[in-house]
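Please open the model in a viewer and keep the selection panel at hand. The stops below are to be taken in order.

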Amino acid sequence: MFSLQGRTALVAGASRGIGAAIAQAVAAAGARTLLASRSLAELEKQATRLRAAGHDAAALALDVRDSASIRACARAAGDADILINVAGTNIRKRFEQYTKQEYDFLLQTNLHGLVELTQQVGARMIERGRGGKIIFIGSLMSLVGLPYVTVYGITKGALGQLTKTLAAEWGRHNIQVNCIAPGFILTDLNRKMWESAAMTGWLQGAQATPRLGQPEQVAPLAVFLSGPGSDYITGQIIPVDGGYTTTRVWPHAPE
């Protein structure tokens, strides 16, 4: 039920962090894994390591801000059974201080490019008639609000709603569409922010699991949603967040 043997997975944004962890996990589950991003040299290294471990892996160039690159990547991916959209970035600042250039950059990187890639890969899934799996990597911002990440939140909220509407539209083609909403996962994008004692102290009372997560703790859910065990799960936004969206803790204890 958890094997991806005989399936091809395209991981968009696989060069580091959550994307790299997911690529390694789906390869280990048996999928022919296509690692895609702008950092082609890094992807080649990862693909070489995966092949050395006995897995089937290849690197593809992908710039989600460039339509020609997106089209080329979709063509090179061929008959992908699984599309995992991880590519994204963040700029943290006060809402009134975002420039038009920053706004456009985040929308194109986190949303528009992934929409374009999903259209093309999904169209091929429909044409082939064998179903498929599409997974978006959203965020806590797909579900809740935090300050100073408003434009990022726009993009991740949109991915969450796209998950639901696309699941409704493509379900008749046996394509399941789901969204993973990682919580506070330590990556290169947020490492500096979490060096603050105030932030780590705050986390102690913010959720049931009082620590940061690791990219490798997001990957198993991506493997599950890519495989046959999730054939009746679609249109869902599923947090991997140490309980942040559902729990809080306090210092009170009964005597």
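Predicted model: local features only at pLDDT ≥ 70, side-chain atom pairs only at ≥ 80, totals over all residues.

Select A9 first: leaving aside neighbours within four places in sequence, A9 is in contact (heavy atoms within 4.5 Å) with V26, A31, R32, T33, L34 and I82. A9 lies in strand β1; strands (E, at least two residues) and helices (H or I, at least four) are DSSP runs numbered from the N terminus. At 0% relative accessibility, A9 is buried, where buried means under 20% relative accessible area, exposed over 50% and partly exposed in between, with a 1.4 Å probe and protein chains only.

Residues are numbered from 1 along each chain as its sequence is written, and side-chain values use heavy atoms, with hydrogens and water left out.

Next, display the strands. An open sheet of 7 strands has the order β3-β2-β1-β4-β5-β6-β7, with parallel pairing; two strands pair if DSSP finds at least two bridges between them. β3 (57–61) and β7 (237–240) are the edge strands, each with a single partner, so one side of each lacks a neighbour in the sheet. Within the sheet, β4 (residues 82–85) and β5 (residues 132–137) run parallel and are joined by 4 bridges. L83 stands opposite I134 in β5. Now show α4, which packs on the sheet and touches β1, β4, β5 and β6 (175–182); its direction makes about 170° with that of β4.

Residues of α4 including Y103, L107, L114 and I126 meet residues of α5, among them V151, L159, L166 and W170.

Finally, select S15, in the loop between β1 (8–12) and α1 (17–28). Is S15 buried or exposed? With a relative accessible area of 17%, S15 is buried. Not counting residues up to four places away in sequence, S15 touches A20, S37, S39, E42, L43 and Q46.

Methods: Axes fitted to C-alpha atoms, helices over the stretch in contact; angles between N-to-C directions.
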